[in-house]
Amino acid sequence: MKIDITNLKDGETLQLEHVYDAKELNLELKDLRYLDALKMKGTHERVQNSLFFRGGLATELELVCTRCVKVIRQPVREPFDLYYPFTNQEFLE
């Protein structure tokens, strides 16, 4: 995903959403499958020459339990924060 930072004003906070295909990103393993797309949602804010992202990822997995060896479904909701310093750039990927 490309974020255009040229028009972002200092202190401005914007909503950000993106959907990723786990198969395209080659994230699946032999005993772990993505049953839904990876959905990223959050906000990003420019503070001088830095971009801060606060949000999370959500999806549903199918995996093998290591104790009972049964296939289970597991919803995943993982919050995270990212910090990107930048200089003389128009876009962040």
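## Strands around β5

In this predicted model, strand β3, which covers residues 32–34, is joined to β5 by three bridges, and the two strands run antiparallel. Within this pairing, L32 stands opposite L63 of β5.

Strand β5 (residues 50–64) also pairs with strand β6 (residues 71–85), again in an antiparallel arrangement, and here 15 bridges join the two. Among the facing residues are L61, which stands opposite Q74 in β6, and T59, whose bridge partner in β6 is V76. The two strands form a hairpin with six residues between them, and in that turn V69 has a positive phi of about 60 degrees.

## The hairpin of β4 and β5

Strand β4 runs antiparallel to β5 as well, with nine bridges between them, and one of the facing pairs places T43 opposite R54 in β5. In the hairpin that these strands form, two residues lie between the strands, and Q48 takes a positive phi near 55 degrees.

R46 lies in strand β4, which spans residues 38–47.

The side chain of R46 does, however, reach two backbone oxygens, that of Q48 at 2.9 Å and that of L8 at 3.3 Å. Leaving aside residues up to four places away in sequence, R46 touches I5, L8, K9, D10, G11, E12, L51 and F86.

Note on methods: Residues are numbered from 1 along each chain as its sequence is written. This is a predicted model: local features need pLDDT of at least 70, side-chain atom pairs count only at pLDDT 80 or more; totals for chains, interfaces and linings use all residues. Side-chain values use heavy atoms; hydrogens and water are left out. Helices (H or I, at least four residues) and strands (E, at least two) are DSSP runs, numbered from the N terminus. A polar contact is a pair of N or O atoms within 3.5 Å; within protein, one must be able to donate a hydrogen and the other to accept it, and residues adjacent in sequence count only if both atoms are side-chain atoms. Contact means heavy atoms within 4.5 Å. Two strands pair if DSSP finds at least two bridges between them.
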